[in-house]
Amino acid sequence: MASAAETRSEDTRLAALAERARRDLDLIRYPREEWMRRVTHDGQPVLDVAIIGAGQGGLAAAFALKRLNVDNVCVFDRACRGGEGPWVTFARMITLRTPKYVTGPDLGVPSLTPRAWYEARYGDDAWENLNKISRQDWQAYLDWYRDTLDLPVENDRSFKHVSWEDGVLKLTFADSQGNEAVRYARKLVLATGIDGGGCWNTPAFIRDNLPRERFAHTSEAIDFEALRGKRIGVLGAGASAFDNAATALEAGVGSVDLCLRRKVVPSVNPYRWMENTGFLSQFSALPDLLRWRFMAHIYDLNQPPPQDTFWRCRKHKNFAFHTGCPWDSVKMEGDEIVVSTPLGEKRFDFVIIGTGFTVDLSQRPETASFASSVALWKDRFTPPAGEEHAAIAAHPYLGDVYQFLPKEASDPNAAMLAAIHNFTFSATPSMGLSGSSISGMRFGVERLARGLTRDLFVADGQYHLDSLLAYDTPELVSTEPPVEV
């Protein structure tokens, strides 16, 4: 634990870095003029952009807009301050999975990079010796970033509903006490993360056959201390399944058996290949067939557990993993959970489900009211025979700046959909990596912010022309020669 003097020194260094970042931003701040039209509706001010989600993607989007002099923005998050995103809530990895040198929220400003923050907090040598950034440090970095940039965030705001009123979006929020509030916005950005396009997936045969207190999804709060000495079954082959298995083992459970349907544990991580400028910046420009084939390979390859995560499990003698072992059915037999698999019956006291998420806009409160109007990939693209992929087909088919598109041009929700931008993981088949991925954030955020400002400027084209025609500030104020003193 750091001493009080060390903590004060660390705080001083981070404060100095924050001042340097603000100075850097002032040095490159151009243009400096406000340019947006102020709009009201029903007697209330209208935000130019409302952003749902104050995690990494939402904060970076707000910063990108601020750099473009779009300041009439607010970010809303259902969590209390410090609990945004997964990092200190349900994420159970020790470190991020991305390389330590990754950049993203900084948008190319060196003094805002994770490295600058880490070196200010821990020193240059600590950075050199670092393998990967811890998830707790990543959250602390995001908190510092938010404060340094003075980003406009309102916490304890659950987004409940959106509707269209006379060309603006009516947004309904509720706080933790159930109090509702209405805000208006011209543009809406959904930056609600990995599951923002649907919901976490617990198979129905588990939900329907086990008491709720006997299973949990990896995205949920789990009292691992209460599982001490218990037999734990984990279903899933991804990193989160192994993270939860490791956390359970470290908490002193009796045993963990991790089961996956694949014949071998995935080993190749396509995300490392995707971390190149061409893919990160230009994927969305590819024709549909190529985008489909990219995504089919990436989705089918799956993301493996990092090597250190795998060894985190394997070092425990009471850990076992079983390949080619999907769960066919589950039931309660007395006080035991009985799982039927192709490898025989398995018995547990508690099970953890690491089966990812389902893309289904009707399952999200933010999108449920208009989900039936949204064009999905299956509505816009038919793959060649033999290349069908149900998971990709269920994703929304987005426009050039993440906006939802209607299934039919005549849909009464078409204008509203054009004002709603899907910056969640479900944008991946259309746009590649974006706000919910650190690796692709910088490219995705810049595309989003420039698209938003394009749309707002074009919508107000006549207003800006009138502003030009009314502009009469003289620059030449005298035709006389200067007076010599």
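Predicted model: local features only at pLDDT ≥ 70, side-chain atom pairs only at ≥ 80, totals over all residues.
User: Where does Ala116 lie, and what does Ala116 touch?

Analyst: Ala116 lies in helix H3. Leaving aside residues up to four places away in sequence, Ala116 touches Leu17, Arg20, Pro110 and Ser111. Thr479 is another matter: 363 residues separate Ala116 from Thr479 in sequence, and their C-alpha atoms are 52 Å apart in space.

User: What makes Gly108 buried, partly exposed or exposed?

Analyst: Its relative accessible area is 40%. Gly108 falls in between, so Gly108 is partly exposed.

User: Where is Gly108 found, and how far is Gly108 from Arg442?

Analyst: Gly108 sits in the loop between strand E3 (73–76) and helix H3 (114–122). Gly108 and Arg442 are 334 residues apart along the chain, with 7.9 Å between their C-alpha atoms.

User: How do you know whether the span of helix H7 agrees with its number of residues?

Analyst: Helix H7 (residues 239–250) has 12 residues. The expected span is 1.5 Å times one less than that number. That gives 16 Å, and the end C-alpha atoms are 16 Å apart, so the two agree.

User: Why is H7 called mostly covered?

Analyst: Of its 12 residues, 10 are buried, each with under 20% relative accessible area. Among them are Phe242, Asp243, Asn244 and Leu249.

User: What do the buried residues of H7 pack against, and what comes just after H7?

Analyst: They pack against strands E10 (231–235), E11 (255–259), E12 (319–322) and E16 (350–353), and against helix H11 (307–314). Just after H7 comes Gly252, with a positive phi of about 95 degrees.

User: How many helices and strands does the protein have, and what makes it as compact as a globular protein of its length?

Analyst: The protein has 17 helices and 18 strands. Its radius of gyration is 25 Å. The globule rule gives 23 Å for 485 residues. The two values are close, so the protein is as compact as a globular protein of that length.

User: What share of the residues counts as buried, and what share of contacts comes from residues 24 or more positions apart?

Analyst: Of the 485 residues, 52% count as buried. Among contacts with a separation of 6 or more, 72% come from residues 24 or more positions apart.

Technical notes:
Residues numbered from 1 in each chain as written. Heavy atoms only, no water. Helix = DSSP H or I, 4+ residues; strand = E, 2+ residues; numbered from the N terminus. Rg over C-alpha atoms; globule rule 2.2 N^0.38 Å. Buried < 20%, exposed > 50% of the residue type's maximum accessible area, 1.4 Å probe, protein only. Contact = heavy atoms within 4.5 Å.
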